Amino acid sequence: MDAHDGTAQGELAARLRLIQELSGLGVRALARDTGLSSSSLSRYLSGQTVPPWPAVVALCRLVKRDPRPLRPLWERTSNPLPAPPKSSRQVRPAPRNDLPRDAADFTGRESELAAVLAAVDSHRAVSVDGMAGVGKSCLAVHAAHRLAADFPDAQLYVDLHGFTEGRPPLDPDSALRMLLGALDVPSERVPQQGIEQLSACWRAELARRKVVVVLDNAADADQVRPLLPGAGPSVALITSRNRLLGLDEVPPVSLDVLSPEESAELLARASGDPRGPEGRLARDPHSAAEVLRLCGHLPLALRLAAARLRHRPGWTVGILAERLAQGAGEFDTALAMSVRQLNRPQARLFRLLGLLPGASFDEYVVAALADVPLHNAQDMLEDLLDAHLVQQPTAGRYRLHDLVHQYARRTATEQDAAADRERALGRVLDYYVHAAAAADAAMPFVSPGRAVSAGRPPAQLPRFPDKNAAFGWFVAEYANLVAAFETAAAVGADVHVCELPRFLRAYFARRCGTTHLNFLFERSLAAAERLGDPRQLAEVHSDLGFARYNAGRMTEAAAAYAAAELQLSKVPDARSEAELAMRRGYLSWDAGHTEEPLDCFRLAGKLYEQVGSPTDAAHAVAAEAWTMLQLGHREEAAQRAREVLDIPHGDPAWPPALTARITLGVATAREEPDTAAAHLHRALAVAREDGHLNNQAWCLNCLGVALRHMGRYEEALASHREAFALLDELFEEHWKIHFLNGYAETCRLAGLPEEALRLHRQALDMAPALGNRHEEALAHEGIATLLDATDPETAAAHRRAGEAVLRELGG
């Protein structure tokens with residue numbers, strides 16, 4: 001290298017050191033974050049070695065600097081003038097390089113590659129594990145190529161055939177002899193027998209050389225242990241489908257599937273598809289996404305799919321997606337090799353996992369599926385996890401990728417009797433209904449109704465010590481519960497179809513709104529009609545009616561309640577009658593009736609007392625108090641609310657107390673403002689802790705009304721506005737009908753007549769469509785009050801219209 005190039009190399013090193021200073025990182029941390037080896041990076045920074053251009057790019061990107069200004073300097077340092085030729089006496093044989101060709105389409109894996117290089121740097125060995133086809137060998141070989149310059153004496157590769165169909169794993173004796181031969185160790189120095197002697201010879205050779213060796217496709221730790229380097233600089237990269245738990249001294253790096261972005265990039269590169277709008281993938285993004293899904297984002301499957309596309313220029317991506325959907329082909333072979341390592345119970349469980357309707361699962365449903373004790377299910381899941389046939393995205397949750405799920409399901413169909421598969425699926429459906437019922441019982445927000453009659457309870461269910469644990473379970477299992485419902489409907493498990501949505505009501509009220517719950521209960525009604533069971537029909541009609549009511553579909557709700565009452569006349573049931581009476585009371589009040597809601601709530605309270613349900617009876621009394629408040633009977637309402645709050649209960653968030661506190665707060669706002677505000681703020685805190693947005697909006701609007709009664713108009717407006725912001729989040733406009741007139745009255749008294757008029761008119765538009773005659777009458781009266789001074793004729797017309805509504809209702 002001449003002086004000019006030496007100066008350029010020094011200048012490049014100086015520029016790279018400035019980048020390191022800008023990053024604020026030490027060499028090891030900088031190497032980790034850029035995916036470089038720390039030893040190589042040290043040489044780049046000191047000017048001993050010219051870095052490859054990708055290393056320069058990685059360093060610049062880390063500190064968000066454009067690498068292009070460094071390109072001319074790098075080119076001068078990386079292309080020096082040729083050195084003088086050496087004499088023949090100086091020529092040495094080229095070092096052995098057995099590494100397979102590096103993948104030209106190697107994509108992604110930045111963090112995993114960085115972890116591999118860091119492990120090699122710190123421990124001189126690393127184990128890369130992952131399921132078949134996930135790209136373990138590709139990553140190890142790619143890393144070995146990256147390390148080759150740092151280990152110039154040899155780059156070795158040996159396939160240990162741990163999972164090769166049709167042949168046993170390579171024994172350590174044979175592997176060591178192959179590796180020693182690759183180092184050109186004279187035969188007289190190679191021990192003739194004894195694995196310990198062979199391993200000692202191998203370690204001695206590596207101790208005096210700088211070698212990188214890839215030990216691919218290891219069966220287990222025992223096969224690999226004799227092949228590991230000892231003292232000295234050499235390093236080993238190991239791959240296996242299993243975690244090599246016995247190699248404590250070797251850091252593991254586990255591979256998951258590629259990200260969607262990495263998968264798309266690999267498919268494009270491996271298929272030779274042009275990047276840009278002219279490419280087949282870009283022209284049909286929907287089919288391209290389906291190919292990625294069918295391939296499970298696994299590099300092996302993606303490359304197989306890409307090869308089909310590359311060699312069939314007449315194919316569209318849609319054709320490829322259709323062909324992949326017909327069968328996994330070569331990928332099945334890779335999976336079959338992993339499955340063959342399992343014992344009989346493990347293999348049976350793997351096949352049965354293909355029957356699970358959801359995307360992820362826990363050990364409880366697996367125990368039910370396989371009809372085994374929970375600890376057995378846990379042990380077998382760990383075995384399948386180590387074999388990379390299942391994955392564990394989070395603690396306690398497992399999953400199968402789509403391609404693996406299809407394979408498991410297909411092999412179950414081929415190897416397990418139809419009756420066995422049917423029983424296993426039935427146990428899963430039983431589990432989900434009973435687990436949902438147990439979780440619902442721990443969320444004391446609605447009447448639990450009667451006990452589960454669908455199927456048999458599983459041997460073990462998750463424990464729900466409180467409502468928060470139950471809610472967390474619903475969050476984790478929601479997709480599975482919906483999938484179980486769809487599966488039950490598909491296989492004709494009508495009792496499960498009837499009962500499962502019943503135990504999702506509290507969760508839906510806090511997370512999912514009303515639209516989907518209406519859809520589920522519609523399907524439940526069809527199932528109940530097929531069963532012809534009056535009790536099931538009564539329950540489902542009542543549930544569907546309440547879902548209709550919450551969606552603002554009042555006429556349909558009334559029809560469903562009437563149908564439920566007809567069925568209950570055939571099979572009287574006090575609890576179901578009480579729940580129906582409560583629901584009819586809510587509907588009757590919204591329709592504008594006055595005395596009928598009170599009668600409904602009082603009847604419900606008596607029936608709940610008869611069946612020994614004090615919490616539900618307290619709900620009925622609280623509803624009675626709220627209705628009295630709306631009728632203007634503030635003292636009676638406050639008294640009934642206090643009766644509810646005086647009932648001893650250990651739960652500070654006892655559900656009936658929410659309604660009672662709101663009622664008491666509004667009823668006593670004028671006389672006891674501080675105490676009233678405390679009750680309302682406590683109710684709001686409970687609603688927020690519960691996560692029920694509708695209840696939060698209710699509390700905030702009632703707080704606004706109470707603050708208005710206290711004359712604190714600005715605070716009242718802020719409370720109303722916060723409530724309506726929550727209602728906007730729900731995308732359920734019909735809920736606003738309960739609060740528009742109250743908000744408008746606050747605006748009027750706060751000196752905002754135009755805003756008040758707009759809100760009353762919005763209520764007047766909504767109320768007739770929702771069948772809420774009470775709010776319709778209030779809207780007419782509010783508009784009349786606002787227009788009395790400016791447009792008395794229109795005001796009088798609104799007043800007459802409101803009075804007519806009240807006459808119709810008998811008020």
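How does the radius of gyration of the protein chain stand beside that of a compact globule of 811 residues? A compact globule of that length would come out near 28 Å, but this protein chain has 36 Å. Keep in mind as you look around that this is a predicted model. Here is a short tour, from the whole chain to single residues.

**The whole chain**

- Taken along the principal axes, the C-alpha atoms fill a box of roughly 115 × 65 × 60 Å.
- The secondary structure comes to 39 helices and 9 strands.
- Of the 811 residues, 53% count as buried.
- If you take contacts between residues at least 6 apart in sequence, 67% of them join residues at least 24 apart.

**The sheet and its helices**

- Look for an open sheet of 6 strands, which pair in parallel and follow the order 1-3-4-5-2-6.
- Strand 1 (96-97) and strand 6 (252-254) stand at the edges with a single partner strand each, so one side of each has no neighbour in the sheet.
- Inside the order, strand 4 (residues 211-218) runs parallel to strand 5 (residues 235-240), and 5 bridges join the two.
- Helix 8 (residues 172-182) lies across strand 1, strand 3 and strand 4, and it runs at about 155 degrees to strand 3.

- Side chains of opposite charge can pair when their charged atoms come close.
- In this model the count of salt bridges comes to 38.
- One of them joins Glu579 to Arg505, with the closest N and O atoms 3.5 Å apart.
- This pair links distant parts of the chain: Glu579 belongs to helix 28 (residues 574-590) and Arg505 to helix 24 (residues 505-511), 74 residues apart.
- Are these two partners buried or exposed? Glu579 is buried because its relative accessible area is 9%, under the 20% cut-off, and Arg505 is buried too, at 9% relative accessibility.
- Glu579 also meets the side chain of Arg583 in a salt bridge, at 3.6 Å from N to O.
- Here both residues lie in helix 28, 4 residues apart, which is about one turn of the helix.
- Arg583 is buried, as is Glu579.

- Glu808 forms a salt bridge with Arg773, and their closest N and O atoms are 3.0 Å apart.
- Glu808 lies in helix 39 (residues 792-809) and Arg773 in helix 38 (residues 773-787), so the pair ties together parts 35 residues apart in sequence.
- Glu808 is exposed, with a relative accessible area of 55%.
- Elsewhere, salt bridges that share partners join Arg502, Arg505, Glu539, Asp543, Glu579 and Arg583 into one network.

**A stop at Arg661**

- Arg661 lies in helix 32 (residues 655-667).
- Leaving out residues up to four places away in sequence, Arg661 touches Leu645, His679, Leu680, Arg682 and Ala683.
- The C-alpha atoms of Arg661 and Val705 are separated by 14 Å, and the two residues are 44 residues apart along the chain.

Definitions and conventions. Residues are numbered from 1 along each chain as its sequence is written. This is a predicted model: local features need pLDDT of at least 70, side-chain atom pairs count only at pLDDT 80 or more; totals for chains, interfaces and linings use all residues. Side-chain values use heavy atoms; hydrogens and water are left out. A salt bridge is a side-chain nitrogen of Lys or Arg within 4 Å of a carboxyl oxygen of Asp or Glu. Buried means under 20% relative accessible area, exposed over 50%, partly exposed in between (1.4 Å probe, protein chains only). Contact means heavy atoms within 4.5 Å. Two strands pair if DSSP finds at least two bridges between them. Axes are lines fitted to C-alpha atoms, for helices over the stretch in contact, and angles run from 0 to 180 degrees between N-to-C directions. The radius of gyration is taken over C-alpha atoms; the globule rule is 2.2 Å times the number of residues to the power 0.38.
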